[in-house]
Amino acid sequence: MRVPSSLALLLLLAGCGSSEETVVSAPPASNPVVAEEPSPTAQPQTAAAAEEAAAETFDSYSAGEYGDSWDTWTKKAKEVVPRDYYVGLHAACVPIAEGVPFEIKSVKLAEDKATAKVRASRTLPVLNITHLDSYTFVYEDGAWKWMPEDDFFADYRKGLTLEQLAARRKKEGSCS
């Protein structure tokens with residue numbers, strides 16, 4: 001008689017083995033897939049949580065807390081632009097819109113709940129314009145992270161030193 005391994009082990013430990021040979025098999029070699037429990041600090045995959053993450057990113061940026069803003073980026077974005085470079089650039093070339101808050105207009109969650117499109121605007125009184133744009137947030141490692149569009153990286157991919165890029169931006173008038 002073949003006894004299931006867990007039952008056989010219980011029977012042996014309890015001294016209730018049968019007179020027949022009991023075969024105890026080892027657990028399968030491959031690890032069973034175990035569903036991971038979400039981290040207690042994980043953000044939910046909801047539009048409201050994506051909006052909260054966007055507000056954190058935008059608030060940090062508009063307050064001049066560029067390191068904190070960079071911390072909310074995706075891993076892929078961080079690979080393109082190192083934190084020290086980003087923070088140093090904004091210290092050398094303070095954006096003319098620093099201090100101007102963003103206003104989130106809408107958040108649309110993708111069907112897979114892994115991406116959210118956030119529309120936000122800023123009114124730049126110095127230029128007397130309102131800028132409305134769309135931002136992509138992706139769910140990564142239990143949190144909503146900002147993934148800049150490819151055109152955002154254009155300046156960073158040119159291989160300019162921090163000083164060269166700051167000088168160029170000053171010349172263009174994008175620094176205060």
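**Close-up views of a predicted model**

The structure holds 17 aromatic pairs. The model shown in these views is predicted.

**View 1. Tyr61 and Phe102 form an edge-to-face aromatic pair.** The ring centres of Tyr61 and Phe102 are 6.5 Å apart and the planes meet at 65°, so the arrangement is edge-to-face. Tyr61 belongs to helix 2 (residues 47-62), while Phe102 is in the loop between helix 5 (83-92) and strand 1 (103-109); the pair therefore ties together parts that are 41 residues apart in sequence. Both values of relative accessibility fall under the 20% cut-off for burial: Tyr61 is buried at 18%, and Phe102 is buried at 16%.

**View 2. Trp73 and Tyr86 form an edge-to-face pair.** Here the centres lie 4.7 Å apart and the planes are at 70°, so the pair of Trp73 and Tyr86 is edge-to-face. The pair links distant parts of the chain, 13 residues apart: Trp73 is in the loop between helix 3 (66-70) and helix 4 (75-80), and Tyr86 is in helix 5. Trp73 and Tyr86 are both buried. A pair of aromatic rings is described by the distance of the centres and the angle of the planes.

**View 3. The charged end of Lys78 sits over the ring of Trp70.** The distance from the charged end of Lys78 to the centre of the Trp70 ring is 4.9 Å.

View 4. The buried residues in helix 5 include Tyr85, Tyr86, Gly88, Leu89 and His90.

**View 5. A disulfide joins Cys93 to Cys175.** The structure holds 1 disulfide. Its S to S distance in the model is 1.5 Å. The link of Cys93 and Cys175 is left-handed, with -80° about the S-S bond. Cys93 lies in the loop between helix 5 and strand 1, and Cys175 in the segment after helix 6, so that distant parts of the chain, 82 residues apart, are linked. Cys93 is buried at a relative accessible area of 5%, and Cys175 is buried at 13% relative accessibility.

**View 6. Four strands form an open sheet in the order 1-2-3-4, with antiparallel pairing.** Strand 1 and strand 4 are at the edges and each has a single partner strand, so one side of each has no neighbour in the sheet. On average, neighbouring strands of this sheet are turned by 30° against each other, direction ignored. Strand 1 and strand 2 (residues 115-124) run antiparallel and are joined by 6 bridges. Ser106 has Arg119 in strand 2 as its bridge partner. Helix 2 lies across strand 1, strand 2, strand 3 and strand 4, and runs at about 145° to strand 1.

**View 7. Strand 3 and strand 4 form a hairpin with 2 residues between them.** Asp141 in the turn has a positive phi of about 55°. Strand 3 (residues 129-140) pairs with strand 4 in the antiparallel sense over 5 bridges. Val138 stands opposite Lys145 in strand 4.

**View 8. Strand 4 (residues 143-147) is mostly covered, with 5 of its 5 residues buried.** In a regular strand the side chains alternate between the two faces of the sheet. In strand 4, Ala143, Lys145 and Met147 point one way, and Trp144 and Trp146 point the other way. All of these residues are buried.

How values were computed:
Residues are numbered from 1 along each chain as its sequence is written. This is a predicted model: local features need pLDDT of at least 70, side-chain atom pairs count only at pLDDT 80 or more; totals for chains, interfaces and linings use all residues. Side-chain values use heavy atoms; hydrogens and water are left out. Rings of Phe, Tyr and Trp (its six-membered ring) pair if their centres lie within 6.5 Å; planes under 30 degrees apart count as stacked, over 60 as edge-to-face and the rest as tilted. Buried means under 20% relative accessible area, exposed over 50%, partly exposed in between (1.4 Å probe, protein chains only). A charge sits over a ring if NZ of Lys or CZ of Arg is within 6 Å of the ring centre and within 35 degrees of the ring normal. A disulfide is a pair of cysteine sulfur atoms within 2.5 Å. Two strands pair if DSSP finds at least two bridges between them. Axes are lines fitted to C-alpha atoms, for helices over the stretch in contact, and angles run from 0 to 180 degrees between N-to-C directions. Contact means heavy atoms within 4.5 Å.
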